[in-house]
Amino acid sequence: MSSIIPTDKTEKIYANPEDIKVVNLDSDTADEVLDALSSETTREVFVRIYDEPQTVSDVAEDTGNTIQNTKYHFEKLVDNGIIKEVGEKYSEKGNTMSIYGP
């Protein structure tokens, strides 16, 4: 498991260091972030995305979860500003798929 403390690897992921957010534990935002990360599955999704930006379907396949369940956890993370879309790729069928990262 990786650390959520920024490392050299995050410098490659973030286009701008100002995109990195620090949340004070006594803020309203902290409650929302901690609530979003209270689920073990959501934390597992976050760790995978933190280690390497991926699509919803890639994480679903790696974790053995359904795409619908994985998408739910992605949405919790996106809604709370914990992850965001960092790129796109094409599926085997030619559909555009969003890649998410921290």
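Me: How do the axes of α4 and α5 cross, and at what angle?
Reply: The axes of α4 and α5 come within 9 Å and cross at roughly 120°. Axes here are lines fitted to C-alpha atoms, for helices over the stretch in contact, and angles run from 0 to 180 degrees between N-to-C directions. Helices are DSSP runs (H or I, at least four residues) and so are strands (E, at least two), numbered from the N terminus.

Me: Is the crossing of α4 and α5 left-handed or right-handed?
Reply: Right-handed for α4 and α5, where that term means the near helix is turned clockwise from the far one by less than a right angle, and left-handed means anticlockwise.

Me: Which residues make the contact?
Reply: From α4 you have Val56, Ser57, Val59, Ala60 and Thr63, and from α5 Ile67, Thr70, Lys71 and Phe74. Contact means heavy atoms within 4.5 Å.

Me: Before I go on, what sort of model is this?
Reply: This is a predicted model, where local features need pLDDT of at least 70, side-chain atom pairs count only at pLDDT 80 or more, and totals for chains, interfaces and linings use all residues. Residues are numbered from 1 along each chain as its sequence is written, and side-chain values use heavy atoms, with hydrogens and water left out.

Me: OK, which residues of α4 are buried?
Reply: In α4, residues 56-63, the buried ones are Val56, Val59, Ala60 and Thr63. Buried means under 20% relative accessible area, exposed over 50%, and partly exposed in between (1.4 Å probe, protein chains only).

Me: Where do the buried residues fall, seen down the axis of α4?
Reply: They fall within an arc of 100°, so they line one face of the helix. The arc is taken from the directions from the helix axis to the C-beta atoms.

Me: And what do they pack against?
Reply: The buried residues of α4 pack against α3 (40-51), α5 (67-79) and β2 (96-101).

Me: What about α3 and α4, at what angle do they pack?
Reply: At about 115°, with the axes of α3 and α4 11 Å apart. That crossing is right-handed. Glu44, Val45, Arg48 and Ile49 in α3 meet Val59, Asp62 and Thr63 in α4.

Me: Switching to Val45: why does it count as buried?
Reply: Because Val45 has 1% relative accessibility.

Me: What does Val45 touch?
Reply: Leaving out residues up to four places away in sequence, Val45 touches Val59, Thr70, His73, Phe74 and Leu77.
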